[in-house]
Amino acid sequence: MAVDPDPVDSVAADSSGSGWSGSDSAVDVPVSFELDIQPILAAHGCNAGACHGKQRGQNGFQLSLLGFDSDFDYNALVHQSRGRRLSVLAPESSLLIQKATAELPHGGGRKIEPHSKSFTKLASWIRQGAPRRLNDEPRLESVKLAETEFSLSPSAEAQLSVTAHYSDGTEREVTELTGYLSNDATVVAVDEQGRLKAGPIPGETAVMARYMNVICVANVSIPRTEKLPSDFYAQQPRRNFVDALVYEKLAQIQVQVSQPAPEHVFMRRAYTDIIGRLPSPEEARQFLDSDAADKKAQLIDRLLQQPEYVDHWANQWADLLRPNPYRVGIKAVLNYDNWIRQQFRDNVSYDEFARRLITAKGSTWHNGAATLYRDRRSPDEIATLMSQLFLGVRLECAKCHHHPFEKWSQHDFYSFAAYFGKIGRKGTGLSPPISGSEEIMFVSNKGEVRHPVTDEVLAPQPLFGSAEVADRTDPREALAEWMTSPDNEYFAQVQVNRVWAQLMGRGIVDPVDDLRSTNPPSNAKLLGELAKHFQETHYDQKALIKTIALSQVYGLSSVPNETNQGDRLNYSRHYRHRLRAEVLLDSVALVTETADSFSALAPGSRANQVWTHRIDSVFLDTFGRPDENKDPPCERVSDSSVTQTLHLMNSRQLDNRVRSDAGRAARLAKSDKTSAEVVQELYLAMFSRRPTAEENVYAEQLLNAAGDNRRAVIEDLMWAMINSPEFIIQN
């Protein structure tokens, strides 16, 4: 017999006056749908994205993803399909139970063992009339791990213990009903019962525990078993707080830092990181020959004042902001790009930069920042971009359901989006693929955002804290104040994490704009202190770059030692990475002494000055320039590929540059420089260093034996050097 289509909403209260007990000791206590049944469905994967939690469900049965919508799930179980999924008179024969125990064919196989705790709980709930709520039913308030920090030996095991806390003061041990996920199972694996198993080698990772929609995280590290001398890090040089905090973490995991990088490596690293180009032979020689005790500080100060700084860092922000030119129009993109570069020319503080973007209005032909709102046209689109850019919070998932790895709900998402509900537009709008018209952004006196499920009109609310709109005509002004407030730690952290990743090869949080509890920083103290420093210097990016670049850690070699070969998180050495596409192309132009020719740009323009991806460049596309049809923000992928190697080896354009009559090879061949002088210039230009004795002898012998073919030998040397890892990779 099927359940009544209108089952009772509650059952009689127990003798204590409550309809629910936080204890599992009694089988006959009233069973709560939200506090007992939904956790069972979540724990066994029934409402997961690969099962009935997918967008259209599975085989006609749909649940909300991970149980974020209790009313929807209750209706699906009790009312849909004429109530055939439950049988009050014979609970064990209910379709729900028979499918879960595989007594009837079930595509997901057996999820629940007959007569287990979950089986008994489901049967009791159905027998009680499948109530939606109990009398005085408490709410789940928090979930806590008994331990959140684990230090394990290689191959050791440990047990997680999870407790749920409720609004009536009760608590329940829910370890068996919690879902677990390791961020790196090769370091630490976790099974369905919350049992941790360390891998055979040192490392660290985070393990997420999710009970219903509440998440907590355990950090697990496997230190090296061989101990460092107790005073090892006390003897290491420290330039600023960055070194102290990195050393503190490395001491915990017993990893030794690499040796300092050679001077030429530091110099080349600073040039490519800060201004996006190689030093010239003259600049390299000047630095290497200097005896000044503070020459590194002098170098950093000089680089931060170079005009190339503007183009290099503006180009990186253009990746995060650049709209599709086929969608918003070429002129709008040009104005947007010019606006971004002007902020860096003026050294506008990061908080002011963010405020100008968030509150942008006016013509896309006169205020480039307004183009952001021409590209993103609905409040939900704008909200996802703004939260990721300036908070490092990826809200996209919360548009449709509760975020599976975070605390953000649909209500949180659309309340945040409501700050952009009053953006008005005048003009002809978009008409891809041309969209050449002007559009004006303004603040309208109307506009609202509704919850997609309840249809409730939502007032603007920040993700946390308070940002009252009050009598403001533009709600975005309140949002900008809240977002850039010193109390909002996300704002400073996501930007310092981006800058750190650019300089150090990997973010303290990776990906750099994904700050969440389930993706914890590799060094939380370091991230916090960098953010504090950024705030104290009034969000001055140049001051932040200088602090990082002058740390001892920034100047470490990329060559590992026996203790840090496996370190990928804690900056015991510099992490090698391929040069950014524009940096590499500008480096080719510099070393060959041939200028690039880009359409829609002045002759001699650099790759870092390209303002739209519609300007063709096979080289930039090959080395990772984002596709203009992809939505920003676009973080670059720095991985190398076979295509890139083949391009450097076989590109006709690159060959022509090496063999150009106006290039470096032709100039050196005509000059009266000796073979030794030619070799030294080539090494200073290509690798920012002088040749070793062995390299010098080999290259000189080739040149001395060349005779009339001197130019061809120089060209061959240049081609080989451009194709070497030392040229392509930042060490």
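## A nonpolar surface patch

L646 is partly exposed, with a relative accessible area of 44%. In this predicted model, L646 sits in helix α22. Together with V642, M649 and W719, L646 forms a nonpolar patch on the surface. The four residues share about 380 Å² of accessible area. Helix α22, residues 642-650, gives the most to the patch, with 3 residues.

## A buried helix

Helix α6 covers residues 263-274. The span from its first C-alpha to its last is 16 Å, close to the 16 Å expected at 1.5 Å a residue. Of its 12 residues, 11 are buried, so α6 is largely enclosed by the rest of the structure. Among the buried residues are H264, F266, R268, R269 and D273. After α6 comes G276, with a positive phi near 70°.

## Aromatic pairs

The whole structure holds 28 aromatic pairs. One of them joins F266 and Y554 edge-to-face, 5.9 Å centre to centre, with 85° between the planes. F266 belongs to helix α6 and Y554 to the loop between α19 and β16, so the pair ties together parts 288 residues apart in sequence. Both residues are buried.

W317 and F353 also pair. Their ring centres are 5.1 Å apart and their planes stand at 75°, so this pair is edge-to-face. W317 lies in helix α9 and F353 in helix α12, so parts 36 residues apart in sequence are tied together. W317 is buried at 4% relative accessible area, and F353 is buried at 5%. Both belong to one aromatic cluster, including W339, Y350 and F390.

## Charges over rings

The charged end of R132 sits over the ring of Y74, 5.9 Å from its centre. R476 lies over the face of Y373, at 4.9 Å from the ring centre.

How values were computed:
Residues numbered from 1 in each chain as written. Predicted model: local features only at pLDDT ≥ 70, side-chain atom pairs only at ≥ 80, totals over all residues. Heavy atoms only, no water. Patch = residues over 30% accessible without salt bridge, like charges linked within 9 Å, V, L, I, M, F, W, Y side chains within 5 Å. Areas by Shrake-Rupley, 256 points an atom, 1.4 Å probe, with all protein chains shown as cover. Salt bridge = Lys/Arg side-chain N within 4 Å of Asp/Glu carboxyl O. Helix = DSSP H or I, 4+ residues; strand = E, 2+ residues; numbered from the N terminus. Buried < 20%, exposed > 50% of the residue type's maximum accessible area, 1.4 Å probe, protein only. Expected span 1.5 Å × (residues − 1). Phe/Tyr/Trp six-rings, centres within 6.5 Å; stacked < 30°, edge-to-face > 60°. Lys NZ or Arg CZ within 6 Å of the ring centre and 35° of its normal.
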